[in-house]
Amino acid sequence: MSRVLFIATAALLALGIPVAFGGTQADPGITATSIHIGGTTPLSGSAQAFQSVAKGADAYFKYVNSRGGVNKRKINYEYLDDQYIPSETVRQTRVLVEDKDVFAIFNSLGTEQNEAIRPYLNTKDVPQLFVATGGTTFGRDSKQYPWTIAYQPTYIAEGAMYGAYIRRTSPKQKIAILYQNDSYGGDLVKGLERGLGPRKSNIVSRVSYAATDDNVQSQIAQLRSSKAGILMLFATPKFVIQAYQYVNGLGWKPKIFVNAVSSASNVMVLSSSQGKNKRVEGSISIVFLKDPNDPKWAKDPAVLLYRKIMKRYAKGSNIKDVYNLYGMSVAFTFVDALKHAGKNPTRASLMRAATHLNERNNPFLLPRMSVRTAANDHYPLDQARLQRWHNGRWISFGGLLKARS
Amino acid sequence: MSRLATVRAAVTAVALVAGIVLVYFLPHADRIGYIKGSQLGVYFIAILGLNIVTGYTGQISLGHGAFMAIGGYTTAILVSEHGVRDLWTIPIAALVAGLAGFVVGVPALRLSGLYLALATFGLALAMPAILSWDKLDAVTKSGQEIQLFNSPHLLGKGFEDVHFLGRTLSFNHAVYYLTWGIALLLLAVAWLILRGAPGRAFRAVRDSELAATSSGVRVATYKTLAFAISAAYAGIAGSLFVIALAFADPQSFPATLSLTLIVGAAVAGLGSLWGVLAGAAFVQFLPDFAVHISKAQGVPDTVYGAALILIVLLLPTGVAGGLRRALSPLTTRLYTRSQSQ
């Protein structure tokens, strides 16, 4: 008797559960007319210059919404302030996922910040899309964290591009490095060594700073005493601007390489003290976006669109701030992924779309660049060009290079 | 029992019940929720502790964020490295932070006023660097992020439902009730300490060290005691901070956290327990409010500063002082009547 009861119960459960929970149950944050996504960015605190990465993306979504959204769904992008403090990133991300029921986390900013929320999002099966950092781990560790995907070229790849270029053009020069003492700075140094290959021994001095430091004056003095002919600046904008001033003040004349995080033309103008500091001339960096301040792109349709969107949907923002355009580029890719996630996207289908991108029409990227991903390739952008600062603007040279580590 | 005492007891009881009801319904308010409600409780405990040393004993501490860090790291290391159940780490965190407070309290005896404030602020500034120091790798993982998420020793592993007395609570609800349960307990403890002989000694030290000494109060003992108790409170707050996020790193306890706490204590009103909830709410929700006003670059920080100036101008003795003034017509009458009877 009890056996019969058991079988009957089992059968009932087997039949009943799919009726109750299965089939078409939708993920949180999505309806027939809207999709709610969220992320964190520093709106206050010392790193607030990076907030344009969220604001540019938000402006682009508003533009897409004004044209009917994606499959008739309006994108509601809610970005919260984390003050660039990882524990706040955790708290605000939990608020977004559990209190605000967002469908996915998108474009959250910072290497350590994204590392802090990655285990949580991967346990809850919430997509962590297009993180705003070049930390190599976000592309590399996709097996362990299948719900996480990177966006920009990795810091290791960027460092390797500089290393390969130095090895080819000035293999005898001694090299000094200023870098931030975390995985971001560490990845760039690792990449540089990889690119230099046998010329790795040319590195004669490496000095680090902490993100919480006030300035890098003593670091620059220490680097100068190495008498190196090449200086690598693997630092965030505030410290890069300081470094250029101190190098000039000390009368040091090295050839300077500046990482992409701090080489936006609006930052370079500040570094050069509006053109007065000649040490900035001839600096080298990498580029993968169209620079809205570069006269070369003044008539480019993407830059014209950028200006139009900024004027209409990001009133009061600084149009010269290149991070806005970065935000639009990543928002374009999100829209592309959403279009390919099916008529009624789920978190899983969106993640699948994000890892099967073949986007050749992102207008904000350099010509011929594409955004490609695969199940085992969580590196969307893996190309870039070298560029040299000349007479107040960047001039790119050489072809499109593979930026892959 | 005199009429005054009866009225005071009644007011306290009503306030306590109102507080408990408020705590129960708070997370249901729009835009608050259980996650921020828990953080409010953490600030409540830390500000309560800070009030004991700064408000009642008159020793300005700009370093209480450092004691939160010590408590938080005690929990993080015990859970992640030694497999200690998270709830048991809370009293240990109190003990370790209290001991640190005692150690800081001893040299603090030689300093007073602005000099003590600066010395404690030095501690707050140094704490993230100390936690990142590679010589302490064995203890603090030299500044790496500590993930407790998914740890079996953590309440609901940091995200799952928690079963308690036959009821099932979500993780966020459980943390909220845990935090506020401890907060109310610590409020009662603070009240008991402060209304008795130690509280009188604390206030005597604050008002005049000379007079206190000549009345037989051992100033050094009570100053260090106040520091130790206060630091233990901060340690518990830090421990709960880490449990709620299942995460710790040195940047979680920046020097600005210590300033945030002193702002909360000042807004609450130094030397009174009535305003602590308001002080905690101020530091918890003002940043959200500032971002809500405008997200334009630079505006949130400016709004925060302006609101602080405004509240100090309007309520120079904090919310507690404001309450006292607002109720003064009533209390004056009660006092005069009870005396005439």
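Within the strand β12(A), A:Q387 is the bridge partner of A:S285, and A:Q387 is in turn paired with A:S396 of β13(A). Strands are DSSP runs of E with at least two residues and helices are runs of H or I with at least four, both numbered from the N terminus, and two strands pair if DSSP finds at least two bridges between them. The pairings around β12(A) are set out below.

| Strand pair | Direction | Bridges |
|---|---|---|
| β9 (284-287) and β12 (383-390), chain A | antiparallel | four |
| β12(A) and β13 (393-402), chain A | antiparallel | seven |

In the hairpin of β12(A) and β13(A), two residues lie between the strands, and A:N391 takes a positive phi near 50°.

The model is predicted, with local features needing pLDDT of at least 70 and side-chain atom pairs counting only at pLDDT 80 or more, whereas totals for chains, interfaces and linings use all residues. Residues are numbered from 1 along each chain as its sequence is written, and chains are lettered from A and ligands numbered from 1 in the order in which they are written.

Helices α6 (155-169) and α7 (183-196) of chain A have axes that come within 6 Å and cross at roughly 35°, where axes are lines fitted to C-alpha atoms over the stretch in contact and angles run from 0 to 180 degrees between N-to-C directions. The residues of this contact, counted where C-beta atoms placed from the backbone lie within 7 Å, include A:Y155 and A:I156 of α6(A) and A:Y184 and A:D187 of α7(A). They divide into 13 nonpolar, four polar and six charged; Ala, Val, Leu, Ile, Met, Phe, Trp, Tyr, Cys and Pro count as nonpolar, Asp, Glu, Lys and Arg as charged, and the others, Gly among them, as polar.

In helix α13 (347-354) of chain A, the buried residues are A:R347, A:L350, A:M351, A:A353 and A:A354, a residue being buried if 20 or more other C-beta atoms, placed from the backbone, lie within 10 Å of its own. Because they cover an arc of only 160° around the axis, these residues are on the same side of α13(A), the arc being that of the directions from the helix axis to the C-beta atoms. They pack against β3 (104-106), β4 (128-129) and α12 (322-339) of chain A.

Between the chains, 23 residues of chain A are in contact with 24 residues of chain B. On the chain A side, the largest share, eight residues, comes from α3(A).

Conventions
Contact = placed C-beta atoms within 7 Å. Buried ≥ 20, exposed ≤ 12 C-beta atoms within 10 Å, placed from the backbone.
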